[in-house]
Structures are given as C-alpha cells and as structure tokens.
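I opened the model today to look things up one at a time. My entries are below, in the order in which I made them.

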Amino acid sequence: MVYRIFVSLTSLLAISLLSVSCQIKEERLEFDVKAGKASETLKLFSVQAGINILFSENDLQGIETQKISGKMTPEMALEKMISDSGLIFHHDKDSQAIAVYYPSRN
Amino acid sequence: MKKFRFDSEAWSAVEQAASDWVTKADRGLSREEQKEFDRWLAQSKAHEKAYAEQKWNWEELDRLAGLQTAYGSSEDPDLLIENRPTPARGSWFGSRFAMVACAALMAGAVFAWIGLQIFDGDAGQSRNENVIVDRIQTRDLEDGSTLQLNRGAEVEIAYSESRRAVRLRKGEVNFIVEKDPDRPFFVEVAGVHLRAVGTEFNVRLHSNEVEMIVTEGTVAVQPSGIENMDSISNEAFIEVNQRVKVDLSSDELVPLIESISEETLAQELIWQPVLIDFENVPLSEIVDEFNRRNPVQMVIVDASVNEARLSSMFWSDNINGLIRLLESNFEIKAEWGEDGTIYLFNNS
C-alpha cells in the first residue's frame, strides 16, 4: 500500500515537472489575425503574441500573409502566417523579439 | 536513369544541408552563420522547401518526445495467454523496482527541466555577451496592486490581514494601488512614510532625497521615523500633478510640495515602458525614441545604416532585443563604449 502511494505521488510529480518544462518551451496563445498586407498583419501578430517585432518595409513590399486563428505557439502562428511568402524570421527568445525578413532581397 | 540518380543525390545533399541548418538554428545562429544561412536559403527554391521539411521533421521529433505513449516498447509474448503469470505485487523486487524506477523518472524529469533552463540561458548569453540592459520589472501583488520597478530598484513587501506595507530600499518604483479601505497601503522609504488608498504614484529614492509624484488619487506623507505607521499624524496630502520632495540630509524631515506641469510629469515618468509603433522610419528615429526613454544611449556612427526604412512594435525598455535583431538580421554591428553608450556601425 505504501509503495503504491509512493509510486503514484512520484509519477504525478514527474509528469507535472515534464509538463511544466514543455510549457516553458512552448506556450500556446490565442491568435486571430486576418489575411492581409504583411506590414500590418505582422504588427497585429506581435501584439497578440506579446513579442516585439522588427522588419524592413522594403522586404515586405507587396507581400500578403495568411490568416491565423486559434490556439498555438507564437512560432507556429508566425510560420503559418508567412508560409509561401518567401519571408523567414529570426526569434531571439531571450529578449522576446522577432525579425521578419526576405533573404533574397538583402 | 543516370539523371534520376544524379538528382536524387543532389537532393540528398540539399536535405543534409537543410538538416544541418535546422540543428544550428535550434541552438541559435551567430551573425556570420545567419548571413550564410540567408545566402543559402536565397540560392534556390529547393533550399527553402528542404529547410521547411527538415524543420517540420525536427519539430515533429520534439512533439513525439513529449508524448507519453507505449510506442517503441518491447513486445509482450505472454499478452494473449490465459492465466498469464503476474508479478507478485508485494514482493521485495517488485516494490523496490517500482520505487527505483519512479525515483529515476522523477530525477530524470528534474534534470531535464534544469537542463532546459541552463541550456536556454546559455544559448542567449553566448550569442551576445556584451549587450545586457535590464528591462523594467513589473510585480503583481496578491491584492491586485502593481509595482513597476525601474532598473536597480529594490523593495520589501510585508502584507498582513490588517494592512499592506512596502519598503523601498533602493531606486524608483511606480505604485498602482488597488482600493481596500480595510487594509490601508503604506510605503516606507528612508524614514519617510506614505499612505495611499486606491491611487497611483511614483516614488524615487535619491542619495539624499525622497521624491514622490501623484498621478491619480491622493497620497498622505509623514516624514518622520515613527515605528507604528498606523499612528501617523500631521500628514501632508499630495494630489494629482503635485510633487513632494523630502531632503534627507537636513535635521528635520520637511515635505516640500509643489505643482508640476503635464510636460514635467511626462518627463519624470518617461522611464515607464510603453509599446512603440514605428512605421516606415529610418533607424535614427527609432534610436532617438529609445534614447529619450532609457538611460543607455545609442549612437549611429555610419549614416548609411539609415538607408533602410524600418517598421516595428517594440517595448521601449527592450534595448537588448532591438540590438540583437539589428546585429543578426540588418547588417549592423553594435559596440559598447566604456560609459555604456552603444555605437552602431554598418556591417555589410
């Protein structure tokens, strides 16, 4: 009986710790950004993600982003938004800031 | 047939390169690596496609690692046998084994968690060791009140059932106090006592002076060394757009109250972080705004860095983030002067 309680408690603790570590790595947030002009939609993403963003207007000229809706990690949301656009991003996780750019225009 | 083999090999090489980039990106790219990666990515659509696929695979591994499933465990040949032997539940081996296994699992989880913290921290530091500017800290207290601590500020919180007390030991703090008539809110700073009920005010401790500005409601000031703050008497009341200063070097602590203009008020509180929306501006405009709001100053050395028009949504205290992105993605190099000034050069 004692060992059963011990087993249950330690397992519970281990699973809790595992789930905490996963949450730290990737927190899912609610996003709702319509498709549209990248220079506008990326700022909306930034506010909803709570992440700072920086981009060159030249890189984003004429580029539109995809709609995102629902709960996901900020990186998943941004990947979905800029898919097929040629844009890529660099996420500096320590400072919670993202640069979005078009590699072939630099 | 020959052509097919050639394409297949070429594609494998691209896949391998993409896989290498995904691994490097996961641990963080240096400035040179970032440039090399950009060049590689821009070389061909196949590179983009391979990178996207490899990145998806990499993330899928992460996702699978997080699942608690039995996939991959060994077969159980006795699974369908009737009256299969079961392990003796109370046996010495069974219980000890379960304990050891669970303890190992627990220890593994703890080490994994600690490892994740250390890995994340180290990754950030190794990328840019020079640039460390603390951000403004916000502390949400249990009663709904909020403290915004300017860089270097230190406080002690002492809440009880009958009252809420905060001691400002060092620096500057903005207090947004939740109303609670049954639990008055006190601040003690270098022997000067403040009492607030549902209000917002900013307190700064200088080397020989206490300064307080009220931005909402009223705050009572009692500049004395009394032990029991409940028995405060002869308070001076400070209202919105008023500032009080108490000279700590004089024998008697006397509050000097003055009215201040909106401009002065804004200037006094400019350290508080705000989200700034820049649209299609040269870097100099962003730098000017950050300089206005932070003690750390940036100087553009090469005027050519102003050629790019930038847009951003940035918290005004996130200097680290701005510098790191400029360095890694916008061909700008930052160097720190001895006085802490950050010099920005064209690095293309």
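**Ground rules.** I am reading a predicted model, in which local features need pLDDT of at least 70, side-chain atom pairs count only at pLDDT 80 or more, and totals for chains, interfaces and linings use all residues. Residues are numbered from 1 along each chain as its sequence is written, while chains are lettered from A and ligands numbered from 1 in the order in which they are written.

**Confidence.** I looked up the scores for the complex and found an ipTM of 0.76 and a pTM of 0.64. I count two residues as in contact if their C-beta atoms, placed from the backbone, lie within 7 Å. Residues 117-129 of chain B also stay under 50, with nine contacts beyond four places in sequence. Where pLDDT is low, the predicted coordinates should not be read in detail.

**Three-stranded sheet, chain B.** Helices (H or I, at least four residues) and strands (E, at least two) are DSSP runs, numbered from the N terminus; two strands pair if DSSP finds at least two bridges between them. I found an open sheet of three strands in the order β14-β17-β16 (chain B), with mixed pairing. β14 (298-300) and β16 (332-336) of chain B are at the edges with a single partner strand each, so one side of each has no neighbour in the sheet. From one strand to the next the twist averages 25 degrees. β14(B) and β17 (residues 342-346) of chain B run parallel and are joined by three bridges. B:I300 has B:L344 of β17(B) as its bridge partner.

**Helix on that sheet.** Helix α7 (residues 319-329) of chain B packs on the sheet and touches β16 and β17 of chain B; its direction makes about 135 degrees with that of β16(B). Axes here are lines fitted to C-alpha atoms, for helices over the stretch in contact, and angles run from 0 to 180 degrees between N-to-C directions. Is α7(B) mostly covered or mostly open? It is mostly covered, with 11 of its 11 residues buried. A residue is buried if 20 or more other C-beta atoms lie within 10 Å of its own, exposed if 12 or fewer, and partly exposed in between, with C-beta atoms placed from the backbone. Just after α7(B), B:E331 has a positive phi of about 55 degrees.

**Around β8, chain B.** Strands β7 (residues 200-205) and β8 (residues 209-216) of chain B pair in the antiparallel sense over six bridges, and a hairpin of three residues joins them. B:E200 stands opposite B:E216. β8(B) also runs antiparallel to β11 (residues 242-247) of chain B, over six bridges. I then picked B:M212, which lies in β8 of chain B. It counts as buried because 24 C-beta neighbours are inside 10 Å. Leaving aside neighbours within four places in sequence, its contacts include B:L194, B:F201 and B:V244.

**Helix α2, chain A.** The buried residues of α2(A) include A:L42 and A:F45. Seen down the axis, the buried residues of α2(A) fall within an arc of 150 degrees, so they line one face of the helix. The arc is that of the directions from the helix axis to the C-beta atoms. Just after α2(A), A:G50 takes a positive phi of about 70 degrees.

Key: pLDDT = per-residue confidence, 0-100.
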